Amino acid sequence: MLQLTFLLFLGLLIEQEEVPQSSLPPDYYFSRAMSLHDSDPDSAFQLYKLAEASFDSLSNPKGVIKCQIALADLYKNKGYYHSAFDALWDMQLLAEDINDTIALIGIHKQLGSLYSIYGKYEDALYHFAFALTLVRSNQEVNQSALKELNQIYYSLALTKRKSGDYVTALNYLDSCLFVRGSLGMGSSSTSFIDTEKGVIYLKMDELDQAKKYLTKAHRYFVGKNQGYRIFTSLYLGDLSAKKERWQDANQRYRYALEAQETTNMHSDMKVEILKKLSQSYTMINETGKAYKYLEEAISITDSLFNTKSSINSQLFSIRDKYDEQMRTKDDFIGKQEAIIEKKEIVESRLRIFIGFMLLVLLAFLVFLIMRKKLRKAKMLQDQIRMQADHDLEKSRVISDVKSRELTASTLQMIEKDRMVDELLEELKKEAPASYTSMKSKMHKGSADMWERFNKRFIEVDTQFYDRLRTKHPDLTPTEQRHCALVKLNFDSKEMASLLGISINSVHISRHRIRKKMGLERDDNLTVHISNI
């Protein structure tokens, strides 16, 4: 636990570290970082930071964006999902401003992967589909675009596999192989695809096929000393577990744990590895080690999420199993002693006693089985409820952060628009001939400002307009826009600037909205809309 806490603290320091400038070209640092991305993520992190600083000093936003996308992938692999989300959302705004289609493809692909980790498969598929549309609409079908297409198909396969749609997942993997053929890569370096095929066949209980693909991929990753050998070893352990070869499964899980701790990669998988390692020790009757690894898993889970997980129930099962065996053994000894003491009793009374004890034992066993089932059902129900509460809290925190970012960025746009108006007034005095043309351009910019705001708002709260229309169907589209701004606590002046109308028009609109919502004089409009 101390080691995990130190690693998390070190990760936070790395995120905030200032990276010095260098005279070398930024593309040099970026290429070096890409080559170390999987094998040495810590060094890759520093090189990406150097490249980003160099791109920034050269006023090259495309370079900054591609560095941040790569850093987001490192954050994701280390389990810093919040940092990955923040980097991607920020870069999405910048990429849209400069119309960087290649960057937007990478951003949506990464967002899809993050949502897939959280089990939000619909959101994940939306971002993957968006990235796919951008690739297909890209006029320049070059090597870079085809590589992105290959990675999107691979990500779609992962998401479909996690959601249980194995046939579609296999089709996407075949599409990956087709694209790789178009790139001239042939059958080389297909280890990630082989791994995913092996997992799918494992889920489908086609164990021979699973073994063929997983063994081939594992051999490649071990030879290249890449961190993904953690996954292949884990899946090969699952394969042995399905065949009830628990010694071999135990060896595979131990290798996966050692690789994870050595590389310090894919830390989010550690709990699952410990859980399966504990299970294998249980099956080979090494209960002490099983208990030890489950305790470690619980310690990690509690330190990260401060809540119980499915590992707790397995730990309690081992404890209960041990206690039950001891109680059964004590009861058995007691009964045997009672029988020995009463051995001299008449044969008929002994038979009655034995029959009675058998009935009691049967009833007791039935009682234990029923109690165990009830306890298991209750624990499962509690686990589902706590997980749902945890997911809800995560979603709320992410939504709050994005809402604050949206408000801050919008206020900056409004302030910029105000300054432009002041400059126009000065221009009107100094150069009236240019005033009309510039004013028309600025008004078009104000309309674009609302569109950018509304697009970001829908991404932050996708269901707000649906909930608003359901509760108040009489509101016009313009009034719905006002409600969105009221929800984010914009004042009348800011709303007028963002919508390009007068403050008096804002007041009139608020009055109409209150009337349509049926609010009394003492009712607070902002509070009412915030609760929708």
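Me: Helices (H or I, at least four residues) and strands (E, at least two) are DSSP runs, numbered from the N terminus. How many helices and strands are there in the protein chain?
Reply: Before we count, note that this is a predicted model, where local features need pLDDT of at least 70 and side-chain atom pairs count only at pLDDT 80 or more, while totals for chains, interfaces and linings use all residues. Residues are numbered from 1 along each chain as its sequence is written, and side-chain values use heavy atoms, leaving out hydrogens and water. The count for the protein chain is 23 helices and zero strands.

Me: What share of the residues of the protein chain counts as buried?
Reply: Buried means under 20% relative accessible area, exposed means over 50%, and partly exposed is in between (1.4 Å probe, protein chains only). The protein chain has 532 residues, and the share of them that counts as buried is 41%.

Me: Among contacts between residues at least 6 apart in sequence, what share joins residues at least 24 apart?
Reply: A contact means heavy atoms within 4.5 Å. Among the contacts in the protein chain between residues at least 6 apart in sequence, the share joining residues at least 24 apart is 58%.

Me: Are H3 and H4 roughly parallel or roughly antiparallel to each other?
Reply: Axes are lines fitted to C-alpha atoms, for helices over the stretch in contact, and angles run from 0 to 180 degrees between N-to-C directions. Angles under 35 degrees count as roughly parallel, over 145 as roughly antiparallel, 65 to 115 as roughly perpendicular and the rest as oblique. The axes of H3 (residues 41–57) and H4 (residues 61–78) come within 9 Å and cross at roughly 160 degrees. The two helices, H3 and H4, are therefore roughly antiparallel.

Me: How many nonpolar, polar and charged residues does the contact of H3 with H4 have?
Reply: The contact is made by residues including Phe-45, Tyr-48 and Phe-55 of H3 and Val-64, Leu-71 and Leu-74 of H4. Ala, Val, Leu, Ile, Met, Phe, Trp, Tyr, Cys and Pro count as nonpolar, Asp, Glu, Lys and Arg as charged, and the others, Gly among them, as polar. By class, the contact of H3 with H4 has twelve nonpolar, two polar and six charged residues.

Me: H4 also meets H6. Is the crossing of H4 and H6 left-handed or right-handed?
Reply: The axes of H4 and H6 (residues 101–117) come within 10 Å and cross at roughly 15 degrees, so H4 and H6 are roughly parallel. Residues that meet here include Ile-65 and Ile-69 in H4 and Ile-107 and Leu-114 in H6. A crossing is left-handed if the near helix is turned anticlockwise from the far one by less than a right angle, and right-handed if clockwise. The crossing of H4 and H6 is left-handed.

Me: Let's turn to the rings. Is the pair of Tyr-28 and Tyr-29 edge-to-face or stacked?
Reply: Rings of Phe, Tyr and Trp (its six-membered ring) pair if their centres lie within 6.5 Å; planes under 30 degrees apart count as stacked, over 60 as edge-to-face and the rest as tilted. By this rule there are 16 aromatic pairs. The ring centres of Tyr-28 and Tyr-29 are 5.5 Å apart and their planes stand at 70 degrees, so this pair is edge-to-face.

Me: Which of the two, Tyr-28 or Tyr-29, is buried?
Reply: Tyr-28 has a relative accessible area of 43%, so Tyr-28 is partly exposed. With a relative accessible area of 6%, the buried residue is Tyr-29.

Me: Is Glu-244 buried or exposed?
Reply: Glu-244 sits in the loop between H12 (229–242) and H13 (246–263). Glu-244 has a positive phi of about 60 degrees although it is not a glycine. At 61% relative accessibility, Glu-244 counts as exposed.

Me: Which residues does Ser-240 contact, leaving aside its neighbours within four places in sequence?
Reply: Ser-240 lies in H12 and is buried, with a relative accessible area of 7%. Ser-240 and Asn-250 are ten residues apart in sequence and 8.8 Å apart in space, C-alpha to C-alpha. Leaving aside neighbours within four places in sequence, Ser-240 is in contact with Arg-245, Asp-248 and Ala-249.
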